[in-house]
Amino acid sequence: MAKYLTLEHLGQSAIITINNPPANVWTIASLHELATVMAKLQADSSVRAVVITGAGDAFFCAGADLNLFSKGSKQNVAEMLDAFTAAFAALRNYSGVTVAAINGYALGGGLECALMCDYMVVERGARLGLPEARVGLLPAGGGSKTLADKVGVSWAKRILLGGEILSAEKAYEIGLVEEIVDPGFAKIMAVSLAGKVANQAPQAVARARQLIEASAGATLEEHLQREREALLSLVGEEEQLEGVSAFLGKRSPSWADED
């Protein structure tokens, strides 16, 4: 049983709650738990989407436990970085939809975790940032890339180099998050967004996600070829035939992974 994470199911969505009070910081153990939980959810065809949030109403996640860095041990920090890499890869590579419900401070590795998700919902009053340089450190959970990919190089520099902590409103304004809601509603909105994937064909969602992830480094010609190959891989399969048949028959589709 997980010690630092709780897992619940709601329909075809799974909800992971980071539960390491008071600030829900990441430890090596909690990161290992996240990797393990995501692997189990990846193997569970009844789960189509994952929501990740923080326990309480003050912190989504305040990042890594800085006690690990207090001795200056490169070996300990390297172990932590390996744990971040494995956990965040499991989250980012999940074949369904992932939504971060930011219900408080999301700093350092907390914001990096949210950036690994497909969407971010933030509550008014929350604060977001990558302030690692304030303590002589750097983001190492992919934040310097995922943040720049999301908001552009200029804003990424302002946040990372200047240690700027964004309000929920500013995060929404610059496109860092997709939805802003009143306090107490991030989880509800995230579950609603996650639930929309249940109407979509599982394999089509997985292929579309792969195409989007690969699009940044491809020319239009390369991407068109990838789209062609992905579409043809779906055509004639049970899922595609059911989807078109349901549409033409004016009924809801019944996907193979549904109970």
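In strand β5 (residues 97-102), V97 is the bridge partner of A49. The structure is a predicted model, in which local features need pLDDT of at least 70, side-chain atom pairs count only at pLDDT 80 or more, and totals for chains, interfaces and linings use all residues. Residues are numbered from 1 along each chain as its sequence is written, and side-chain values use heavy atoms, with hydrogens and water left out.

A49 belongs to strand β3 (residues 49-54). Helices (H or I, at least four residues) and strands (E, at least two) are DSSP runs, numbered from the N terminus. β3 pairs with β5 in the parallel sense over 5 bridges; pairing requires at least two DSSP bridges between two strands. Strand β2 (residues 13-18) also runs parallel to β3, joined by 6 bridges. Here T17 has T53 as its partner in β3. β2, helix α1 (residues 28-42) and β3 form a right-handed β-α-β unit. Right-handed means that, with the strands pointing away from the viewer, the path from the first strand over the helix to the second runs clockwise.

β3 is mostly covered, with 6 of its 6 residues buried (under 20% relative accessible area; exposed is over 50%, partly exposed in between; 1.4 Å probe, protein chains only). A49, V51 and T53 lie on one side, V50, I52 and G54 on the other, and all are buried.

Helix α5 (residues 153-161) buries A156, I159 and L160. These residues lie on the same side of α5 because they cover an arc of only 90° around the axis, taken from the directions from the helix axis to the C-beta atoms. On the other side, S154 and L161 are exposed. Just after α5, G163 takes a positive phi of about 65°.
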